[in-house]
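Hi there,

Here is the structure I promised to send over. Please open it alongside this email, and I'll go through what turned up.

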Amino acid sequence: EGWSPLHACCHSPTTEEAALKIIDEMSETNGRFNLVTYIGPGESTKNWTCLHIATAYGVESIVRKLVEKGAKVDTMNSEGWTPLMEACRRNYVSLVEFLLSEGANADRHIPTQHMGIASSFPSSCLSIAARNGFEDIVKKLLEAGADKDKQNEIGWAPLHEACHMNHVRIVKSLIFYGADVCLKTTQGRTPYDLASSDEILQCLHDAMSEDQRKSISTIRSTR
């Protein structure tokens, strides 16, 4: 199934010491740090590196040492997910910061399998963090230059996600970094249309130009 001893030791802090010793031995003997599984974790995935596994389980010491010894930070598994994506969806702030500092791509597209139906799944690390209210991760990604207006297949960008879920501080951060407050989904909905919090609506209103405010007022008055 393609699992090495190191893969097996990246699941838990209880085997952390063993993993670090294996990494040292592999480094001294020109071992390969980017080997992938043929099956697993789970029955439906494959192509996980040791870095994928250590990141998904939040074992930071192993993640740092693997990268130090040459593990590729942007490797993808069979689902098209990178270690950074795994860290973002699990709210591992320090791992996100570390992977970004080592050159991980914050804007790699997250693929979805939707049987020909437009998917509502977030298409970027920033959208995942915005939807889930992971404020610290949103800030790390924005500071790293992540695309603040990257849209998924139905046109939702990070600001749409944050407005819909009423994450006020995330909305403010996205606006501060220049997110398009009038960006439309494929159904023509703006972040303003998706927000229900008065505070968020006011933030969006304040960030609009005068022409944009008039447009919003006109649209709302015709509904």
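Predicted model: local features only at pLDDT ≥ 70, side-chain atom pairs only at ≥ 80, totals over all residues.

Helix 6 itself spans residues 93-101, and its buried residues are Leu 95, Val 96, Phe 98, Leu 99 and Leu 100. Among the elements that cover these buried residues are helix 3 (50-56), helix 4 (60-68), helix 5 (83-89) and helix 8 (135-143).

Now to the core. In soluble globular proteins, nonpolar side chains tend to be buried together. Here the largest nonpolar core has 61 residues, and Leu 6, Leu 66, Leu 84, Leu 141 and Leu 204 have the most contacts inside it. If you click on Leu 66 and set aside its neighbours within four places in sequence, you will find it in contact with Leu 6, Ile 23, Phe 33, Cys 50, Leu 51, Ala 54 and Ala 71.

Another pair to look at is helix 10 (residues 168-176) and helix 12 (residues 198-207), whose axes come within 10 Å and cross at roughly 10°. That angle is under 35 degrees, so the two helices count as roughly parallel. Helix 10 brings Val 168, Val 171, Lys 172 and Ile 175 to meet Glu 199, Ile 200, Cys 203, Leu 204 and Ala 207 of helix 12. By type, the residues of this contact are seven nonpolar, two charged and no polar.

For Cys 203, the nearest is that of Cys 163, at 9.0 Å.

Best wishes

Key. Residues numbered from 1 in each chain as written. Heavy atoms only, no water. Core = buried A, V, L, I, M, F, W, Y, C linked by side-chain atoms within 4.5 Å. Buried < 20%, exposed > 50% of the residue type's maximum accessible area, 1.4 Å probe, protein only. Contact = heavy atoms within 4.5 Å. Disulfide = S-S within 2.5 Å. Helix = DSSP H or I, 4+ residues; strand = E, 2+ residues; numbered from the N terminus. Axes fitted to C-alpha atoms, helices over the stretch in contact; angles between N-to-C directions. Parallel < 35°, antiparallel > 145°, perpendicular 65-115°, else oblique. Nonpolar A, V, L, I, M, F, W, Y, C, P; charged D, E, K, R; others polar.
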